Amino acid sequence: MEGSSAESALSVSADSIRITDLTQDGDVLTFAITSQKLNSSAGVCVFRAYEDFEWLQQSLFSQENVPGLQGIIFPPLPPKALPLQSNMQTKALKQLGFLALGQDWQGYCKALEFYLQQVATHPTLCKCKALDSFLINSESPGKQRGRKGIFNRLSQAVEEMRKESHKDVDNFFQNERNKNTNIAALSKVATEKLIDVVMTEQKLALACGHFSTSLHLCVNQDDAAAVAFSKVCLKLSDIIEAVKQNFEKVASNNLTTLGLGLDLESRYQEAEKEMLFRRTCKLIELETVKKSTEKAKANKREVMEEFQKAVEKEFSLISSVAKEEIERFHSSRVNVLKNVLIGWCEQQLNTAKECAELYSQHLEACRNMYSE
């Protein structure tokens, strides 16, 4: 992270940016974003809706006079959250993945928080005035209509999909495109498999809860045998409740560590893919200009040559920025995944220790019950 260079362009500390609260009014989610002023103990708190985040992203895309902007891998903004309704679960899972499985939108808030931190620590994007305005101005910027960005998402550029398979003139970028395609596919599969695991753990926790509750229906005080059986049922209910709590904790750990990490990995791979696609489009534009220059008549050749030089300069700058971005992206990606895996292992190990201790207590209680 380039924290020091980023902070010099902001009036708040990039590392202090947090989403501390969330309120829901119907389908509208409002996020409380806090940060700390640079060289000061003063804090800042603003309230933003998702449309404000979209305004910020659009502002980053629409910057003018930023050399090589098309070569930047823009931090990916999570999709808009859907209302928490059971009949929307399938659609929400398809759109949000892991971010739809957490409780109280904690995972979603964490993803938006990380998005802001990534923008604020980016050596170029942190200089965008819209970012500082987003973080410190009390008035919602989303009311201002953003201009059309210079980029379109891949899903909105169907007519240009054929350009994706265009062979690159630079082996570095061709290899990067191939790696991106493979890693993106693997990330998607890993994410889908872990979602299946988490959903199964949540279903098992729910089933254990029903089973634990139903055991209380067996309690009977009519005679000594019934009393003894009731004790067994109540103790078994406690044990099943402990199993339920373990499933819930394990599922929560999967969501808040590895789940969020895989979600971020998938969205960042898509962001890199879009950057590589933009560069490929510029490459095709350059090749087309070169062909037009070669075919130009003498009276137009000089103008076409000047235009070709301008496109070549732009393409060269985009490629230069893109190489720096790719290097930065891979370094950041490795660190994030490493921290995610470490956190995942630590949380699951702590949960396993707590569960083992609880099971030992229940086992000892069962032994004492039968020795009475």
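Let's start with Leu22, which stands opposite Phe31 in β2. This is a predicted model, so local features need pLDDT of at least 70 and side-chain atom pairs count only at pLDDT 80 or more, while totals for chains, interfaces and linings use all residues. Residues are numbered from 1 along each chain as its sequence is written, and side-chain values use heavy atoms, with hydrogens and water left out.

Back to the strands. β1 and β2, the latter covering residues 28-36, pair in the antiparallel sense over seven bridges. For those of you who like cut-offs, two strands pair if DSSP finds at least two bridges between them. Helices (H or I, at least four residues) and strands (E, at least two) are DSSP runs, numbered from the N terminus. The two strands form a hairpin with two residues between them, and Gly26 in the turn has a positive phi of about 70°.

Now move on to β3, residues 43-49. This strand pairs with β2 in the antiparallel sense, over seven bridges, and Thr30 has Ala49 of β3 as its bridge partner. This hairpin has six residues between the strands. Which residue there takes a positive phi near 55°? That is Asn39, a residue other than glycine. Asn39 is exposed, with a relative accessible area of 85%; here exposed means over 50% relative accessible area, buried under 20%, and partly exposed in between, with a 1.4 Å probe and protein chains only.

There is another asparagine to show you. Asn65 has a positive phi of about 60° although it is not a glycine. You'll find Asn65 in the loop between α2 (50-61) and α3 (89-96), and at 78% relative accessibility Asn65 counts as exposed.

Ser16 is in the loop between α1 (3-7) and β1 (18-25). Is Ser16 buried or exposed? Ser16 is buried, with a relative accessible area of 18%. A polar atom of the Ser16 side chain lies 2.7 Å from the backbone oxygen of Ser13. Setting aside neighbours within four places in sequence, Ser16 is in contact (heavy atoms within 4.5 Å) with Thr34, Ser35 and Gln36.

On to the helices, and to Ile240 in helix α7, residues 224-295. Ile240 counts as buried, at 13% relative accessibility. Not counting residues up to four places away in sequence, Ile240 touches Cys208, Phe211, Ser212 and Leu215. The C-alpha atoms of Ile240 and Gly209 are separated by 7.5 Å, and these two residues are 31 residues apart along the chain.

Finally, the charged pairs. The structure holds 15 salt bridges, each defined by a side-chain nitrogen of Lys or Arg within 4 Å of a carboxyl oxygen of Asp or Glu. In one of them, the side chains of Asp168 and Arg177 meet at 3.6 Å, N to O. Asp168 counts as buried at 5% relative accessibility, and Arg177 is buried too, with a relative accessible area of 10%.

Then look at Asp170, which forms a salt bridge with Lys323, the closest N and O atoms being 3.5 Å apart. Asp170 lies in the loop between α5 (129-136) and α6 (171-215), and Lys323 in helix α8 (residues 298-371), so this pair ties together parts that are 153 residues apart in sequence. Asp170 counts as partly exposed at 22% relative accessibility, and Lys323 is partly exposed as well, with a relative accessible area of 37%.

My last pair is Glu306 and Lys309, whose side chains meet in a salt bridge of 4.0 Å, N to O. Both residues lie in helix α8, three residues apart, about one turn of the helix. Glu306 is partly exposed, with a relative accessible area of 49%, whereas Lys309 counts as exposed at 51% relative accessibility. And to return to Asp168 and Arg177: salt bridges that share partners join them and Arg279 into one network. Thanks, everyone!

Definitions and conventions: A polar contact is a pair of N or O atoms within 3.5 Å; within protein, one must be able to donate a hydrogen and the other to accept it, and residues adjacent in sequence count only if both atoms are side-chain atoms.
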